Amino acid sequence: MPLLEIKNLVKAYARPGNAGVHRVVDVAGFTLAAGAQQALRGESGTGKTTFLNLIAGILAPDSGSILLGGRDLASLGEAGRDRLRAETIGYIFQTFNLLQGHTVLENVELGMAFGRGVDQARAIALLRRVGLGEKLGHYPRQLSTGQQQRVAVARALANQPQLVLADEPTGNLDRRNAREALHLIREVCAETGAALLLVSHDERVLAAFEHMQDFAAMNRALTEAAQ
Amino acid sequence: MIWNLIYRSMRQHLLATLVTAASIALASGLLLTVWVVKTQSAAVFAATNSGFDAVLGARGSKLQLVLNAVFHLEASPGNITAADYEMIRHQREVKTAIPIAVGDNFQGWRIVGTVEQLFTEVEYLPGRHYAVGAGGRFFQIGKLEAVVGSYAARKLGWKVGTTFRPYHGLAYDPNGEQHEEVYTVVGVLEPTNTPVDRVVWIPLEGVQTMKGHNPLAATDLSAVLIQLRAPEAGMMLNLRLNGQGGKLTLAYPIGTIVAELFNKIAWFDQVLTLVAWLVAVVASGSVLVSIYNSMSARARDIAILRALGARRRTVFGAVVGEAAAIGVIGSLAGFAVFAGLAVFVASVIQAQTGVVLQPLQWNAVFWWGPAVFTGLCVIGGLVPAFKAYRLSVAETIAPVS
């Protein structure tokens with residue numbers, strides 16, 4: 001049984017002024033095996049962030065199912081989705097989304113705070129693993145962008161997730177940092193056994209993956225609109 | 001975890017937190033001071049009777065009589081005769097009658113003539129007699145000697161052996177008449193925490209016969225302080241003396257008469273209390289404004305927390321908890337403000353009346369005051385907390401693509 005199995009997933013938004021609805025995501029099927037690493041190609045506006053937010057349980061689908069580890073997110077209430085996200089999903093954002101008032105260590109601890117609880121030793125070990133063992137007490141503003149993304153990687157893995165979602169994780173990095181960040185994300189996920197679902201429009205990033213799909217082709221909301 | 005979020009948010013918004021907590025501290029300190037001074041002064045003034053049950057004086061206001069004879073404030077409503085004193089002294093209900101005469105001062109400190117029995121026979125509090133400090137003694141009748149209350153002695157810098165010449169009148173006038181007689185301080189009273197501490201005591205006939213005073217009134221008295229054999233006996237005495245419409249007034253019971261004073265100035269208390277509550281409401285409003293104004297900046301942080309798995313109720317609780325924490329910190333700091341304000345107010349009251357308040361003594365407002373302030377802050381925190389609760393994570397955290 002795959003770790004993630006999506007069937008007939010639809011998310012739409014109401015257009016302003018009662019002008020009907022606008023389908024953003026309409027995916028007939030998608031699967032991801034446990035521990036697998038999969039990339040999705042997608043330009044801006046293709047609904048890929050909405051797709052990841054649906055998988056993360058941040059958004060609720062209008063219809064369809066999202067089975068994660070055998071549990072259907074679509075059938076869970078918001079609190080249930082929050083708990084599932086806290087315990088089984090790590091999320092890496094393009095803009096890192098670190099809390100500026102928290103230190104590097106505190107940011108990583110937040111990644112486990114709402115799930116199994118804070119394990120400071122694990123947080124420190126993760127930060128050492130991403131090369132920031134000397135920066136525990138630093139604040140994000142004191143780090144380079146590459147270092148900030150490494151903190152975000154450590155935070156995403158802090159709760160020992162089964163699935164890591166990465167939304168344009170190298171979009172804000174220069175070429176060298178992007179390459180290093182991607183390598184780090186893939187390596188750490190492989191070490192921890194977490195599956196990785198990464199979306200990007202950067203062909204250099206996508207080329208690094210053995211398994212890659214075109215999200216625009218998957219998303220019927222786009223293909224039908226184009227016809 | 002929620003405590004960590006509250007702590008870190010307060011640390012991140014340290015300046016706003018401190019300013020808001022300071023406004024709560026000022027409001028809390030003001031409320032505590034008003035409340036403590038109000039409740040304690042009413043109780044302490046009503047209980048201040050220097051050991052007497054009643055005061056006999058000239059026909060007039062009972063309150064003025066009590067203020068003049070017991071609190072050594074206000075002018076005397078008039079004089080009574082030596083015969084009146086003899087009459088009251090021989091009433092069967094009267095245990096002790098101490099005559100006093102006023103009319104002079106030293107630089108504003110009231111000089112009161114009385115008899116030695118005031119110091120030797122009267123307990124100003126149950127079981128507490130007046131005592132003079134080391135090296136001192138009570139004055140002797142017929143001599144130009146004085147015993148000084150502890151507060152007056154401290155303020156005047158007097159000690160045993162100090163000499164002074166009284167000024168005529170109750171109010172000090174530097175250009176006014178100063179009597180020829182030179183009095184010598186023979187004793188300084190131990191503190192009693194009563195109005196007696198503010199008085200310069202001399203023998204009764206000293207005031208009566210001082211040069212410059214009306215020789216025709218040489219035996220007149222300002223009032224007679226009365227101890228009854230039984231407190232309830234005052235009712236009969238009250239009926240006999242006040243019911244006949246004569247030239248005398250019996251002020252009895254002293255505590256009730258003082259309580260009437262507080263009833264008369266209750267509006268002032270109410271205004272002060274209202275002001276304190278208004279300040280409290282404004283201060284709690286400042287919590288709302290402070291947190292609400294920073295919500296735009298916090299929105300992204302809250303969205304990140306939600307994306308990491310924090311539930312709506314967690315972020316709601318964190319915002320309300322932060323408001324409550326500001327309330328608690330402000331209320332605790334309010335005790336420092338209160339201590340400063342209350343000690344100042346108490347010192348003014350002591351200087352003006354001799355009555356000593358103990359503002360730091362336990363008062364119920366010490367628990368319900370901070371509790372109410374914290375509650376108001378929590379209410380102030382509800383509006384931004386609902387905003388945090390309703391925040392759309394997907395729209396806040398990243399542009400949709």
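Q: What is the order of the 4 strands in the open sheet of chain A?
A: This is a predicted model, in which local features need pLDDT of at least 70 and side-chain atom pairs count only at pLDDT 80 or more, while totals for chains, interfaces and linings use all residues. Residues are numbered from 1 along each chain as its sequence is written, and chains are lettered from A and ligands numbered from 1 in the order in which they are written. Helices (H or I, at least four residues) and strands (E, at least two) are DSSP runs numbered from the N terminus, and two strands pair if DSSP finds at least two bridges between them. The pairing in this open sheet of chain A is antiparallel, and the order of its strands is β2-β1-β4-β5.

Q: Which are the edge strands of this sheet?
A: An edge strand of this sheet pairs on one side only. That holds for β2 (21-32) and β5 (71-72) of chain A.

Q: Which residue is the bridge partner of K7(A) in β4(A)?
A: Strand β1 (residues 4-14) and strand β4 (residues 63-68) of chain A pair in the antiparallel sense over 5 bridges. In β4(A), the partner of K7(A) is S65(A).

Q: At what angle does α1(A) run to β2(A)?
A: Helix α1(A) lies across β1, β2 and β4 of chain A. Axes are lines fitted to C-alpha atoms, for helices over the stretch in contact, and angles run from 0 to 180 degrees between N-to-C directions. Two residues are in contact if their C-beta atoms, placed from the backbone, lie within 7 Å. To β2(A), α1(A) runs at about 60 degrees.

Q: Are α5(A) and α6(A) roughly parallel or roughly antiparallel to each other?
A: The axes of α5 (residues 145-156) and α6 (residues 175-192) of chain A come within 10 Å and cross at roughly 15 degrees. Angles under 35 degrees count as roughly parallel, over 145 as roughly antiparallel, 65 to 115 as roughly perpendicular and the rest as oblique. The two helices α5(A) and α6(A) are therefore roughly parallel.

Q: Is the crossing of α5(A) and α6(A) left-handed or right-handed?
A: A crossing is left-handed if the near helix is turned anticlockwise from the far one by less than a right angle, and right-handed if clockwise. The crossing of α5(A) and α6(A) is right-handed.

Q: How many residues of α3(A) are buried?
A: A residue is buried if 20 or more other C-beta atoms, placed from the backbone, lie within 10 Å of its own, exposed if 12 or fewer, and partly exposed in between. What covers the buried residues of α3(A) includes α4 (120-129) and α5 of chain A together with α1 (2-12) of chain B. Helix α3(A) is largely enclosed by the rest of the structure, because its buried residues number 10 of the 10.

Q: Which residue in β10(B) stands opposite T114(B)?
A: Strand β3(B) pairs with β2 (residues 94-106) of chain B in the antiparallel sense over 5 bridges. With β10 (residues 200-203) of chain B, β3(B) pairs in the parallel sense over 4 bridges. Opposite T114(B) stands P203(B).

Q: Which element gives the largest share of the side of chain A that touches chain B?
A: In the contact between the chains, 29 residues of chain A meet 17 residues of chain B. The elements of chain A that give two or more residues to this side are α1 (48-56), α2 (78-88) and α3 (104-113). The largest share, 5 residues, comes from α2(A).
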